[in-house]
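Here are my notes on the model you sent over, written up as numbered points. Have the structure open while you read.

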Amino acid sequence: MAPLSGTGANPLRDPADRRLPRIAGPSGLVIFGVTGDLSRKKLMPAVYDLANRGLLPPGFSLVGFARREWAHEDFAQEVHDAVKEHARTPFREEVWQQLIQGMRFVQGTFDDDDSFERLRETIGELDKAQGTGGNFAFYLSVPPSAFPVVIKQLKKHGLADQTSDSWRRAVIEKPFGHDLKSAEELNAIVHEVFAPDQVFRIDHYLGKETVQNILALRFANQMFEPIWNRSFVDHVQITMAEDIGIGGRAGYYDGIGAARDVIQNHLLQLMALTAMEEPASFDADALAAEKTKVLGAVRLPKDLGRDTVRGQYAAGWQGGEKVIGYLEEDGIDRQSKTDTYAAIKVEVDNRRWAGVPFYLRTGKRLGRRVTEIAVVFQRAPHSPFDTTATEELGQNAVVIRVQPDEGVTVRFGSKVPGTSMEIRDVSMDFAYGESFTESSPEAYERLILDVLLGDSNLFPRTEEVELSWEILDPIEEYWDKHGKPAQYPAGTWGPVEADQMLQREGRSWRRP
Amino acid sequence: MKIDLTDTTASKINKALVQGRRAIGTPAVGMVLTLVIVTDEENAYDALKAANDASREHPSRTLVVIRRVSRTPRDRTSSRLDAEVRVGADAGTGETVVLRLYGEVSDHAQSVVLPLLLPDAPVVVWWPVGAPRDPAKDPLGALGQRRVTDSYSTEKPIDELRARADSYEPGDTDLAWARITPWRSVLAAALDQVRCEVISAEVTGEEFNPSVELLAMWLADRLHVHVRRGVSSGPGLTELRLETTCGPIALHRPDGAMATLAVQGQPDRAVALKRRETSELLAEELRRLDPDDTYASALRFGVDRLGGGTPSMPTVPAPASPALSGVADVAAPDVSDSVSSARAAVPALPPAPPSSSGDGDRPSPAQMPPVKKAAAP
């Protein structure tokens, strides 16, 4: 009994039957680094939430791989605790009973051949006991340095070999290298073992409802797309701010910095979705083609010193709490030049966007945690009202709030009630929380399900990753050779240099 | 916040809604639909509770229409509308108006409801009990894009299903259908995995549970095979069996919570298939507001063409088309006195016209061919 490749032959499937969800076929998920934070806070709860929503196949199996000396029961207990604490949907005993039958733990280190052999046996046993049919996804929630080792071990022990009626997939997390060269090396290693269409690079931003909604907003509506171009748009600001510091990630973060950590993947992906042309269809190839085109058209400013800014947070007060500066954090070199704040200006050289600046900024220890895309429109070319009437009127904007408080805001001018003519900015708000018919699933839920279904719409491809590095590499090289990061007090919206960068062009950053 | 209005009108209710919203400081909220619940006093509490729970997923304005029983001729000639306006924490995530109709006005409930509908937003009408024979032609039902009935809550579910098939209009749907979505998903997923032909099927569940018939009809309609309906003591659906060219596929749920999926040549697997609360069913119902063609197609297959527990009537069954209208009244969901008397008092809703009317010209469900969908592969 070979699984069918499509669903076309199943008489119970009908495209008009919209109640039936897409359920993944028989499969299992192997998580490397299962004791880590990501796994406990995101992956395990996401697996449970999927099961609770009835989207996982009967017999779905979850295999944990880590160094810790655990029995299967300890692992199940760990998952249980993580699910109780972090899952989005209520805990249900019968769902848990369904999941627990397929839970296994394999103890071992990444360089230990025996443990990979045990993993292979576990997978074989699951195929028999749970009917997983040889379909397994390997989720590599491991430090970048362990990447090549794990991938090679998978190959060596035949774990990556798929037969004609089963699949093996690899799921990898950022960072996808730290520059173009290392990204290419990494891709080479992964692709040597897994076919390109079986490699899923997780950029969890793309799993967010709001990000997928960018496409719906732009291409399903008539009222936005006609003005989504250089004739009406003044500039675009994409912000991802965090209020936390580097926490315990000194080892990973120092030497990487905000631009590599965030701009290279999340912000450039958000920019690509905001700026791309309409794809021919909503399938993975068409989407990737448009995103690649836009990323390929990105042009860096001539004077990198003038149009890019990096910073480091200094000691200060963040939301009522006294916090230390980056250079005082544990494990950080006092001379470190790593950026915890980065703002860059880029342009997209095509007919739609020529001359419209895209400002991308990200940072740690900023005012609050927020991610948003603001498309700021030009002022009305002529105003019949006198200047005092429109003194408080800003520029119109469409703001896509990615997180938290997901939604879309439209800002425009409105008359203030009263006898005089006075016009002021008001916001029209659409919030997911209050007008949607289904509570939004977590990004990881969607992405894990897509991996199991083999749907690669929401995963950046090799070319996109490499193009993004091509954009960022010159900036990093310039920063390496010139000057050092500006200091900004923790809890503020970044260094003054960033404000000046926009002021020079008569613009200012939004306060998100 | 709660505002009580006695002997009132729709415009005063509208005013109270605005006033209530102002008072709690949210002058505008993004409500996505109006849910009209038509019920009797007895079922109003549970229905409203379910609707409020569902409103966490679907912020809505909920209008509860309660027709009060008039017990004397004098009561029947007088007429009064009382309303209870709830906003804020008392009303889930939206607004609720409980409308109590006395006397003559209870025959003209649509005149009260129409001014209270949200502008530009879809309207869903839900009858937790006592749905009219022809929901789309009911004056209240006609206001809705979506009409939700519940054949589970009726005295004679089989007759009810026949009537539903007969009066089906796009936008009709039934909670008994929503109840089997999880079963259908698991089954469809199980068939995704095998490459064999289904020879026959059997669906077993408690008697007087129309979900069992609906599941059977869906299978018969999609698979074009003989489907038997078996009777067990429940709870709800208990077993589903497909005989295929490569062995049986069975889904067995003895306790209403945990099911076992058994496929020939594969290990048995546990599936969580818990029976769901009304609020969850309603939330599923509200998720999609377009016509449910799959339901229509399954319903029109005809309950009389199933084998097994129900009397098997292979071709044109005697009680089918012309008799349907006659059967209609016998089958009228008679859940409480108040409903039947309220229904009896509705002139806009006659006890189904004689068979010469439009409805009678329709083919009976048994004569209808399964609906062909253009989009089908």
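**Notes on the predicted model**

1. To start with contact range in chain B: among contacts with a separation of 6 or more, 76% are between residues 24 or more positions apart. Keep in mind throughout that this is a predicted model.

2. Chain B, in outline, has 13 helices and 15 strands. It counts 377 residues, and 49% of them are buried.

3. The sheet I'd look at in chain B is an open one of eight strands, with mixed pairing and the order E1-E4-E5-E3-E2-E6-E7-E8. Its edges are E1 (2-5) and E8 (172-174) of chain B, each of which pairs on one side only. On average, and ignoring direction, neighbouring strands of this sheet are turned by 15 degrees against each other.

4. One pairing to click on is Thr149(B), whose bridge partner in E8(B) is Asp174(B).

5. Two helices of chain B belong with this sheet. H1 (residues 10-24) of chain B lies across E1, E4 (79-87) and E5 (95-103) of chain B, and runs at about 15 degrees to E4(B). H2 (residues 41-54) of chain B packs on the sheet too, touching E2 (33-39), E3 (60-67) and E5 of chain B. The direction of H2(B) makes about 155 degrees with that of E2(B).

6. Which residues touch the most other members of the largest nonpolar core? They are Val36(B) and Val65(B), in a core of 218 residues. The largest share of this core, eleven residues, comes from helix H9 (residues 257-275) of chain A. As background, nonpolar side chains tend to be buried together in soluble globular proteins.

7. Leaving out residues up to four places away in sequence, Val36(B) touches Leu63(B), Val65(B), Val113(B), Val123(B), Val125(B), Trp126(B), Leu140(B), Leu143(B) and Gly144(B).

8. Over in chain A, six strands make an open sheet with parallel pairing, in the order E3-E2-E1-E4-E5-E6. E3 (103-107) and E6 (199-202) of chain A are the edge strands, each pairing on one side only. Neighbouring strands here are turned by 20 degrees against each other on average, direction ignored. Within the sheet, E4 (residues 136-140) and E5 (residues 168-173) of chain A pair in the parallel sense over five bridges. Ala137(A) stands opposite Arg169(A) in E5(A).

9. Last, a helix pair in chain A. H1 (residues 37-52) and H2 (residues 72-86) of chain A pack at an angle of about 90 degrees, with their axes 8 Å apart. H1(A) and H2(A) are therefore roughly perpendicular to each other. On the H1(A) side, Arg40(A), Lys41(A), Met44(A), Pro45(A) and Tyr48(A) meet Val79(A), Ala82(A), Val83(A) and His86(A) in H2(A). By class, that contact has six nonpolar, one polar and two charged residues.

Terms used
Residues are numbered from 1 along each chain as its sequence is written. Chains are lettered from A and ligands numbered from 1 in the order in which they are written. This is a predicted model: local features need pLDDT of at least 70, side-chain atom pairs count only at pLDDT 80 or more; totals for chains, interfaces and linings use all residues. Axes are lines fitted to C-alpha atoms, for helices over the stretch in contact, and angles run from 0 to 180 degrees between N-to-C directions. Helices (H or I, at least four residues) and strands (E, at least two) are DSSP runs, numbered from the N terminus. Angles under 35 degrees count as roughly parallel, over 145 as roughly antiparallel, 65 to 115 as roughly perpendicular and the rest as oblique. Two residues are in contact if their C-beta atoms, placed from the backbone, lie within 7 Å. Ala, Val, Leu, Ile, Met, Phe, Trp, Tyr, Cys and Pro count as nonpolar, Asp, Glu, Lys and Arg as charged, and the others, Gly among them, as polar. A residue is buried if 20 or more other C-beta atoms lie within 10 Å of its own, exposed if 12 or fewer, and partly exposed in between; C-beta atoms are placed from the backbone. A nonpolar core is a set of buried Ala, Val, Leu, Ile, Met, Phe, Trp, Tyr and Cys residues joined through C-beta atoms within 7 Å. Two strands pair if DSSP finds at least two bridges between them.
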